[in-house]
Amino acid sequence: EYSGVVYPVVITRKRMKNIQYRIKDNVFLISAPRLASRAYIFKGLEKFAPKLIKKSIKHNPYCSDGVYIFGEKYPFNIINIDNREIDLSFSDNLKETLSSLLLDYIKEKVEYYSQIMGIIDAYKVKVRDTKTRLGSNSRKTKTLAFAYSLVHFSKEIIDSVVVHELAHCKVFNHSKEFYDVVYLYCPNYNILRKKLIHSEFK
């Protein structure tokens, strides 16, 4: 039990030296050496549980009274974003509307960062409703694709993903050389990346 919430715990005994703690779907999954005592396992769980729970929390961009767009919460009403009037009360075409808004913003940022990063090739830009990847760079088709879910995050966070994908035009892996390029154009990339992972929209 932690902060009034009861979490199921599954312990798997294995041939291993150290205990491994993780949480998935609000269930603690523990891999432990065969001879580790239950008391010792739970002593470690008490130590690591708060951090694991905090890391596992995913915030929902849709609330009963509004939705997060570019890191700000807007009511389900007629609003104005980037000189565009958007009616959030029509849920039927909300995703299509927000995809269009995100696409316009990212196209602008791809053009901006391409210039300052010295990227000559023109890339097509797409927004897709993907669950696993926030962005991708296809050198073969010269296409940059970005996840629809980015529309909920602040523009600074979105920019960090744009820089990440454009950096692949220079270094097509995740080596130190690649991250040197990323940090050159986005010095606080590590902070913004953590916000993405933990669904901190602003």
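Lys-109 is buried, with a relative accessible area of 17% (buried means under 20% relative accessible area, exposed over 50% and partly exposed in between, with a 1.4 Å probe and protein chains only). The structure is a predicted model, in which local features need pLDDT of at least 70 and side-chain atom pairs count only at pLDDT 80 or more, whereas totals for chains, interfaces and linings use all residues. Residues are numbered from 1 along each chain as its sequence is written, and side-chain values use heavy atoms, with hydrogens and water left out.

Lys-109 lies in helix H2; helices (H or I, at least four residues) and strands (E, at least two) are DSSP runs numbered from the N terminus. Residues up to four places away in sequence not being counted, Lys-109 touches Asp-159 and Val-162, where contact means heavy atoms within 4.5 Å. Other buried residues of H2 include Leu-94, Leu-98, Leu-101, Tyr-105, Val-110 and Met-117. The 24 residues of H2 reach 34 Å from the first C-alpha to the last, close to the 34 Å expected at 1.5 Å a residue (the expected span is 1.5 Å times one less than the number of residues). Just after H2, Gly-118 takes a positive phi of about 70°.

An open sheet of 3 strands shows mixed pairing in the order S9-S11-S10; two strands pair if DSSP finds at least two bridges between them. Strands S9 (124-128) and S10 (135-138) form the edges, each pairing on one side only. From one strand to the next, the twist averages 15° (axes are lines fitted to C-alpha atoms, for helices over the stretch in contact, and angles run from 0 to 180 degrees between N-to-C directions). The pairing of S10 with strand S11 (residues 143-147) is antiparallel and extends over 4 bridges, and Ser-136 has Ala-145 in S11 as its bridge partner.

Helix H2 (residues 94-117) lies across S9 and S11 and runs at about 150° to S9. H3 also packs on the sheet, where it touches S10 and S11, and its direction makes about 150° with that of S11.

Helix H3 (residues 155-167) packs against helix H5 (residues 189-197) at an angle of about 110°, the axes being 9 Å apart. The two helices, H3 and H5, are therefore roughly perpendicular to each other (65 to 115 degrees, with angles under 35 counted as roughly parallel, over 145 as roughly antiparallel and the rest as oblique). Glu-156, Ile-157, Ser-160, Val-161 and His-164 of H3 make this contact with Tyr-189, Leu-192, Lys-195 and Leu-196 of H5.
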